[in-house]
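Thank you all for coming. I would like to take a few minutes to walk you through one model, starting from the whole and ending with single residues.

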Amino acid sequence: MSRKPMVRPGGRSARVQESVHAAVRALEAEAGREALTVPLIAARAGVTPSTIYRRWGDLHELLSDVAVERLRPDSPPEDHGSLGADLAAWAEQFLEEMSAQPGRAYIRDALLGDDTNAGRCSAYAAEQISVILARAAQRGEAAPEAETVLDHVVAPMMYRILFRPDGLSPTYARRLVEELLG
């Protein structure tokens, strides 16, 4: 069961979410993930454990929510002048960030939560890809559908990141884009 109440921007709910998320990040940096408990996080965030349980349900769901927020891109993808260059640069950056130890941990945490968290992560990638494809269309370039890019570039990278992370390189990301674009 999803326990995600609607968050009003700037309201108490948003402040609680931010303080709890900040507490998770700080405690994880200080003591490691294995030391995290709901009572410890609640004490650091200045809320009661029941607040966390009411909002997130359990520690896994909280960690999943924190991970999803950490995986949200900070800015739109850079414009490198062509579809191939834009997609290759984005894929290289995505692979670098997601295959690093923190990225893999965030992915695993995001997958621990309910399906909406995994869906939010997928939506972040789709939004970034849509920006790249819209730019290509504005330049008059033929571009695949966003789902096609997800299937041929993002999905193979995610599989490798999660199950076969050795040997991943920018060359791999570029090769996936080149194969997609022909």
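Let me begin with how elements are named here: helices (H or I, at least four residues) and strands (E, at least two) are DSSP runs, numbered from the N terminus. This is a predicted model, in which local features need pLDDT of at least 70 and side-chain atom pairs count only at pLDDT 80 or more, while totals for chains, interfaces and linings use all residues. Residues are numbered from 1 along each chain as its sequence is written, and side-chain values use heavy atoms, with hydrogens and water left out.

On that basis, the protein has nine helices and zero strands, and its C-alpha atoms fill a box of roughly 55 × 35 × 25 Å along the principal axes. Of its 182 residues, 40% count as buried, where buried means under 20% relative accessible area, exposed means over 50%, and partly exposed lies in between, using a 1.4 Å probe and protein chains only. If we take contacts (heavy atoms within 4.5 Å) between residues at least 6 apart in sequence, 68% of them join residues at least 24 apart.

Now to the loop between H1 and H2, which is where Arg33 is found. Arg33 is partly exposed, with a relative accessible area of 31%, and, not counting residues up to four places away in sequence, Arg33 touches Glu28, Leu63, Asp109 and Leu112.

Leaving aside neighbours within four places in sequence, Ala42 is in contact with Val47, Thr48, Pro49 and Ile52.

That brings us to helix H3, where Thr51, Ile52, Arg55 and Trp56 are buried. Seen down the axis of H3, these buried residues fall within an arc of 95 degrees, so they line one face of the helix; the arc is that of the directions from the helix axis to the C-beta atoms. As background, an α-helix has 3.6 residues a turn, so residues three or four places apart point the same way. The buried residues of H3 pack against helix H1 (12-31), helix H2 (38-45) and H4. Thr51 itself has a relative accessible area of 10%, and its side chain makes a polar contact with the side chain of Thr48 at 3.0 Å. A polar contact here is a pair of N or O atoms within 3.5 Å; within protein, one must be able to donate a hydrogen and the other to accept it, and residues adjacent in sequence count only if both atoms are side-chain atoms. Just after H3, Gly57 takes a positive phi of about 90 degrees.

My last topic is the lining of the largest pocket. A pocket, on a 1 Å grid over the protein atoms alone, is an open set of points where a 1.4 Å probe fits, with protein on both sides within 12 Å along at least five of seven lines, and lining residues have an atom within 4 Å of a point. The largest pocket is lined by 34 residues, of which Leu71, Pro73, Phe94, Glu97 and Met98 lie nearest its centre. The largest share of that lining, seven residues, comes from H5.
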